[in-house]
Amino acid sequence: MEEASALLERIANCEQEAVKLRKAISLIEGQATREAPHSTEAVDSKFQASNTKLKYQAGHLRKSILEEEAKLMQHATGMLRLLNTAFTLAVRHAYPSVSVTSLVKRTEHPRFGDYQCSAAMAIASSLKNSGEKSNPMEVAKNIVNSMPQCDFISKCEIQGAGFINVHVQPWFVSQMITDILKHGARPPIVEKKRVIVDFSSPNIAKEMHVGHLRSTIIGESICRLLEYVGHDVLRLNHVGDWGTQFGQLIAHITETCPDFATTSLAVEELQILYKQAQERFKTDDNFKETARGYVVKLQSGDPVVISAWKRICEVSREAFGKLYQKLGVTIIERGESFYQLLMPETVKDLESKGLLKEDQGSRVIFVPGHELPLMIVKSDGAFTYDTSDMTALKHRVTEEKGDWLIYVVDSGQGKHFQLIYAASKLAGYYDPEKVRVDHVGFGVVLGPDKKRLKTRSGDSVKLKDLLEEGLERSMAKLIEKGRDKVLTPEEMKKAQEALAYGCIKYADLMHHRINDYVFSFDKMLEDRGNTAVYLLYSLTRIRSIIRTAQVTTEALTKATNETKLGLQHEKELRLAKCAARYPDVIEHVLDDLCPHTLCEYVYELCVTFSEFYDNCYCIEKTGTEEVVTVHMDRILLCKATATVLENCFHIIGLETVSKM
């Protein structure tokens, strides 16, 4: 039991803890009995106090058992974890000197069973290298013979060069579906962490454009995933809201818009003024001097300049907020300005540790193994983005108590973040053994010409315009399909928004994040194939089936407790196995933070459901559309599938609709 609990990781630790607590209660109660005097004359306050203390301890331990069991009830164990546990135990028993990881994977074809263990080849190779004679077939047989009792495995077959094909018992799959029906699609057990996710990060005084799309969508999805499994997540928007460019902008606004403080400006107008200020700074020496003066005033906290800066931030923040609301994004702004007051302390700390070196007037950190240094202080005394990023990482670990830092920033920044992480480790700001740090990089959004998506004039496509076009195209698609004739205006609006924003999010997340992808509304809005439209339609159809069956919530609950899911039909069993894989998929995405794996699973589940529905009657009707037979076991399978899809849609960011 103890060995299995170690391999089952946290879920088994909960079970183990419950066992230990029960043993402790037995010992305490036994001790209380032994210490109790046999003669009533010997009863005194000493023994009464001892027994009261022991009873209190037993009560406290019983409460702890309930707490541990409650943890288990909130989570699910995936089949892969169970099988990896079983095979790890078998390998340890048969070959205690050999260490092998990632023992089991899902098979691609039913003829190879449901899962496959390929550890025999690696073990045979390891034994050969150590001078022992062995072959994969012999190793595979020893592993199978050393397997612990696993009722959920129907059989293990050895094929080929030593592959062990595993077949799962249908009744166990049925139990997993029943668990979904009773408790929902529960997440796998994880060790709760404080996770800080840095994503989106637009620049103040500029409109958000397509370049911010991926960080925003991927970051939001990762946050939803982490929150779903129980982590404490802090979502941070590291906006560009500080620097010399703001001195230039405020100087220009002061001259051209003296009533700026009371004038209602849009972020579009701010961006025009921003570009004008940059042009003047390049060509007008007098303005250059004026702008530098405003930079000094900004950095020294001049009230008038700070007031103008705050106004610029407010205008930008309002524009960002509207886009975030449409995309269903929740985030806390914490920009460059937040870390300004903390940077001097960072520089002082780095200096005290002897890490800062002079280099052509600048002060830098040379990190072993990296060609370029980090520039911490420029020759004119100004701080840099390197200073800001070092300070932010330090603050997130020491002040925010982050156990896991995630930076959702394009792949082009990969080397920069490697350098930041290495320098931070060198400075002692974080210990990789205690704090996990991930750069979630991603590729760029391409146009039909396979180049960065741009407008005809060569500018970046504004995110606002992209979302507006999505609304227009989704409405046109709905009208083309005649949905305006069957849906109310309110239902049409909900369907329009669900399609428009959903197709943009899904088209981004369905691609491996490190790859570039071509943005195409035509493909996104297809109702066939791997698109948000198809997925949303699939869930809507499942809900419609359940409504048509006229099964009440009470009847579903009763059926869940009383109806046996036989899974006799091949398509029933295949759908159930697919839905039951949900916890394993969640664990996979938690490991590599690549949401496309979840998208692939959702699409597979929808396709598998379609095959099930085409081959298995859930409801039987008369010629007049009167329902005469409801196959409750299949309705329950529909309900479980819908439950899994709803959870996946939430993580991806797809808003569901009752009618479409």
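**Close-up views of a predicted model**

**View 1. Thr643 sits in helix H25.** The model shown in every view is predicted. Thr643 has 13% relative accessibility, and residues under 20% are classed as buried, so Thr643 counts as buried. Contacts up to four places away in sequence are set aside here; beyond them, Thr643 touches Ile180, Gly184 and Ala185.

**View 2. The largest nonpolar core holds 165 residues.** Which members touch the most other members? They are Ile312, Ile406, Phe519 and Leu598. Helix H25, residues 632–652, gives the most to this core, with 12 residues. A second, separate core has 31 residues; among them are Val377, Met390, Ala427 and Tyr430. In soluble globular proteins, nonpolar side chains tend to be buried together.

**View 3. Ile312 and its contacts away from its sequence neighbours.** Residues within four places in sequence are left aside. Ile312 is then in contact with Ile204, Ala205, Phe246, Leu249, Ile250, Ile253, Phe260 and Leu270. Ile312 belongs to the largest nonpolar core.

**View 4. Five strands form an open sheet with parallel pairing.** The strand order is S7-S6-S5-S11-S12. Strands S7 (332–333) and S12 (436–439) stand at the edges. Each has a single partner strand, so one side of each is left without a neighbour in the sheet.

**View 5. Strands S11 and S12 pair in the parallel sense.** S11 spans residues 404–407, and four bridges link S11 to S12. Tyr407 has His439 in S12 as its bridge partner. Helix H8, residues 213–228, packs on the sheet. H8 touches strand S5 (194–198), strand S6 (232–237) and S11. The direction of H8 makes about 165 degrees with that of S6.

**View 6. Helix H20 is mostly covered.** H20 runs over residues 532–548 and has 17 residues. From first C-alpha to last, H20 reaches 24 Å, close to the 24 Å expected at 1.5 Å a residue. How many of its residues are buried? The count is 12 of 17. Those buried are Ala532, Val533, Tyr534, Leu535, Leu536, Ser538, Leu539, Thr540, Arg541, Ile542, Ile545 and Ile546.

**View 7. The buried residues of H20 pack against several elements.** The helices are H18 (489–509), H19 (521–524), H21 (553–562), H24 (596–615) and H25. Strand S15 (619–621) is another partner. Gln550 follows H20 and has a positive phi, near 55 degrees.

Technical notes: Residues numbered from 1 in each chain as written. Predicted model: local features only at pLDDT ≥ 70, side-chain atom pairs only at ≥ 80, totals over all residues. Heavy atoms only, no water. Core = buried A, V, L, I, M, F, W, Y, C linked by side-chain atoms within 4.5 Å. Buried < 20%, exposed > 50% of the residue type's maximum accessible area, 1.4 Å probe, protein only. Helix = DSSP H or I, 4+ residues; strand = E, 2+ residues; numbered from the N terminus. Contact = heavy atoms within 4.5 Å. Pairing = 2+ DSSP bridges. Axes fitted to C-alpha atoms, helices over the stretch in contact; angles between N-to-C directions. Expected span 1.5 Å × (residues − 1).
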